[in-house]
Amino acid sequence: MNFFKSFLVFILLTFILPKSFAQNGKSRDKVQIFYYGWYGNPEVDGKYDHWNHDILPHWSNPKWNNLGNYKGADDIGANFYPALGNYSSNDPAIIKKHMKMIQESGVGVVVLSWLGKDSFVDKSITKYLNIADQFNLKIAFHIEPFYKNITELREQLSYLVKTYSHHNAFYKKEGKPLYYVYDSYKISPSEWSELLSENGRKTVRKTELDGLYIGLWVEKEHSDFFEKSGFNGFYTYFASDGFVFGSTTSNWSYLSKYAKDRNLIFIPCVGPGYSDTRIRPWNEVNFKSRENGKYYERMFDAATEVNPDFIGITSFNEWHEGTQIEPAIPKKSGNFKYEDYGKDSWFYIKETKRLTEYFLSGK
């Protein structure tokens with residue numbers, strides 16, 4: 001009997017489970033989550049970073065000028081409070097906890113915000129790649145607008161590729177990295193074409209810098225931008241439905257058709273809610289209540305309906321804008337009471353798993 005049990009275990013481990021894991025691993029990359037590695041604390045980094053966020057001024061109303069910043073500790077620049085406290089994004093123990101949460105949420109790709117080779121975030125990328133690999137996750141990059149022009153961006157991409165692309169956890173689709181390019185519209189489509197079209201003077205095509213470049217679609221007139229710029233596709237990022245044309249879920253059928261007609265990738269982005277009035281006290285108009293998960297479900301359903309190649313989730317831990325699914329806890333700081341998720345601090349990890357599995361099932 002013992003021999004028979006051992007033989008069954010051998011068959012299970014050798015033939016059945018690896019096939020199952022491979023199938024799951026292949027499909028999980030269709031759900032990708034934006035992640036921020038910019039948090040620092042005195043214990044690990046010598047000072048607070050981002051937890052002590054400034055209160056941002058309004059673009060035109062001076063009433064909101066010079067309001068200072070948060071102190072960190074119990075008083076942070078966010079409407080929710082993290083269960084892990086004021087963690088450091090450079091702490092391997094924190095990274096490991098985060099990757100485990102993301103794995104449990106059903107997501108397959110972590111889209112790490114990147115601000116260039118000399119940035120705070122860059123010094124921990126090897127840690128993120130190594131730990132993500134332990135949890136069968138991949139790392140893609142969300143390129144922030146830290147560069148002045150495409151020449152500088154090309155140099156930065158060369159560094160990124162040469163330094164990290166050999167790693168097993170560096171995400172590639174059919175051999176090509178996938179890059180999200182935030183605020184891409186701030187550079188002209190003709191300049192982008194020099195980088196992204198096959199005949200451009202500084203083209204990345206058919207070089208080691210080739211990849212799937214995904215630009216940000218904000219306003220309706222960006223259709224012209226994507227006709228001329230050479231991007232491989234576009235994403236919507238913002239978690240506030242109705243904030244801009246791209247993030248308005250009722251427009252996603254139009255965006256999906258636009259992409260299909262031009263053989264582009266469309267990545268609708270969903271979020272659990274939006275709440276940023278701690279750092280933008282003048283921005284209540286874009287607040288989106290979580291409605292105990294119903295808002296998240298509606299956004300996910302809208303994305304699933306257009307049958308996209310990928311869904312982006314905004315976000316795992318953008319605490320300043322209140323889009324995070326990372327566990328949050330009830331807390332008060334002076335007269336301020338942080339929002340929370342109710343009785344279960346892991347509610348949005350679990351909800352992400354449920355919604356992700358439904359999308360990946362193809363039902």
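Okay, charges to start: the chain carries 45 positive and 43 negative side chains, and the centres of the two sets lie 4 Å apart. Lys and Arg count as positive, Asp and Glu as negative, with His and the chain ends not counted; each charge is placed at NZ of Lys, CZ of Arg, CG of Asp or CD of Glu.

Quick caveats. This is a predicted model, where local features need pLDDT of at least 70, side-chain atom pairs count only at pLDDT 80 or more, and totals for chains, interfaces and linings use all residues. Numbering runs from 1 along each chain as its sequence is written, and side-chain values use heavy atoms, leaving out hydrogens and water.

Now, of the 363 residues, 54% count as buried, meaning under 20% relative accessible area with a 1.4 Å probe, protein chains only.

Let's zoom in on Asp122. Asp122 sits in the loop between β2 (109-114) and α4 (125-134); helices are DSSP runs of H or I, at least four residues, and strands are E runs of at least two, numbered from the N terminus. Asp122 is buried, at 5% relative accessible area. Its side chain makes a polar contact with the Tyr164 side chain at 3.2 Å (N or O atoms within 3.5 Å, one able to donate a hydrogen and the other to accept it; residues adjacent in sequence count only if both atoms are side-chain atoms).

Then there's Gln156, in helix α5 (residues 150-164). Gln156 is buried too, at 11%, and its side chain reaches the backbone nitrogen of Lys117 at 3.0 Å.

Technical notes:
Buried means under 20% relative accessible area, exposed over 50%, partly exposed in between (1.4 Å probe, protein chains only).
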